[in-house]
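The entries follow the order in which I looked things up.

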Amino acid sequence: MIATSKSEQAYTLLSDRIASGALVPGYRLVLGTIAAELGCSVVPVREAIRKLEAEGLVRFERNVGATVASLDTDLYLHTMQTLSIIEGAATALAAPLLSTEDLARAREINESLRRTLTDFDPRRFTELNNQFHAVLYENCPNPHILDLVHRGWARLAAMRSTSFGQIPGRAHHSVAEHDALLDLLATGAPAEEIEKAARAHRTNTLNAYLAAAGQPPSAL
């Protein structure tokens, strides 16, 4: 078992709770309470919170301290623009390495996504959506691109449940786009087509959110 530092433990604890919705936007992070839970001083907790702040998941407010960040439209825009590019590339590069079992698993997850549409639960949809895309990009042979994809998804973790909650109609289109992407992968479509479809899928979600927020569509 690989030992992790207290700072890493604090980071994992907080990022997981933010991603799951256990810590909601505006929730005040009390360093002493978190340190007591982990059995450490406040120093590693402060380091973890600074890292979360750099990722846009936590913000510091004067006379308040550290709180879980609300959805920042600019941060969401920049993260989704970046992710559309790098995840599109990762999905295209991973395509030749996907097995029949991988594609079957992705279709199974997408059917689960389809079933959630009847009684829509944004958090459950987000969880399944993450699983679906991970199946498609995790075999990417370029570790640098894959690392950037992981970082992008981590940054989205706290924002995505909120965004799908604000644009629930987008979920129906998302499932249909998953079907189309899976068809391209199953038929061995050229990498350029796969990259274009994966990138457009991410951009469509971004533009749906921007439209709901009264903002112009992404320039990319």
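Before looking at handedness, I noted the rule: a crossing is left-handed if the near helix is turned anticlockwise from the far one by less than a right angle, and right-handed if clockwise. The model is predicted, with local features needing pLDDT of at least 70 and side-chain atom pairs pLDDT 80 or more, while totals for chains, interfaces and linings use all residues. Residues are numbered from 1 along each chain as its sequence is written, and side-chain values use heavy atoms, leaving out hydrogens and water.

Entry 1, helices 2 and 3. I took helices (H or I, at least four residues) and strands (E, at least two) as DSSP runs, numbered from the N terminus. Helix 2 passes helix 3 in a right-handed crossing. I found that the axes of helix 2 (residues 31–38) and helix 3 (residues 42–54) come within 9 Å and cross at roughly 115°. Axes are lines fitted to C-alpha atoms, for helices over the stretch in contact, and angles run from 0 to 180 degrees between N-to-C directions. Helix 2 and helix 3 are therefore roughly perpendicular; angles under 35 degrees count as roughly parallel, over 145 as roughly antiparallel, 65 to 115 as roughly perpendicular and the rest as oblique. For the contact (heavy atoms within 4.5 Å), I listed Leu31, Gly32, Ile34 and Ala35 of helix 2 and Val42, Val45, Arg46 and Ile49 of helix 3.

Entry 2, the strands. Two strands pair if DSSP finds at least two bridges between them. Strand 1 (residues 58–61) and strand 2 (residues 65–68) pair in the antiparallel sense over four bridges. I noted Val68 in strand 2 as the bridge partner of Val58. Three residues lie between the two strands of this hairpin, and Asn63 in the turn has a positive phi of about 65°.

Helix 4 (residues 73–94) packs against helix 6 (residues 122–137) at an angle of about 55°, with the axes 7 Å apart. That makes helix 4 oblique to helix 6. I recorded Glu87, Ala90, Thr91 and Ala94 of helix 4 meeting His133, Leu136 and Tyr137 of helix 6.

The axes of helix 8 (residues 169–186) and helix 9 (residues 191–212) come within 10 Å and cross at roughly 175°. These two helices are therefore roughly antiparallel.

The domain assignment, automatic or from a database, gives domain 1 (6–68) and domain 2 (73–213). I noted 27 Å between the centres of domain 1 and domain 2, taken over C-alpha atoms.
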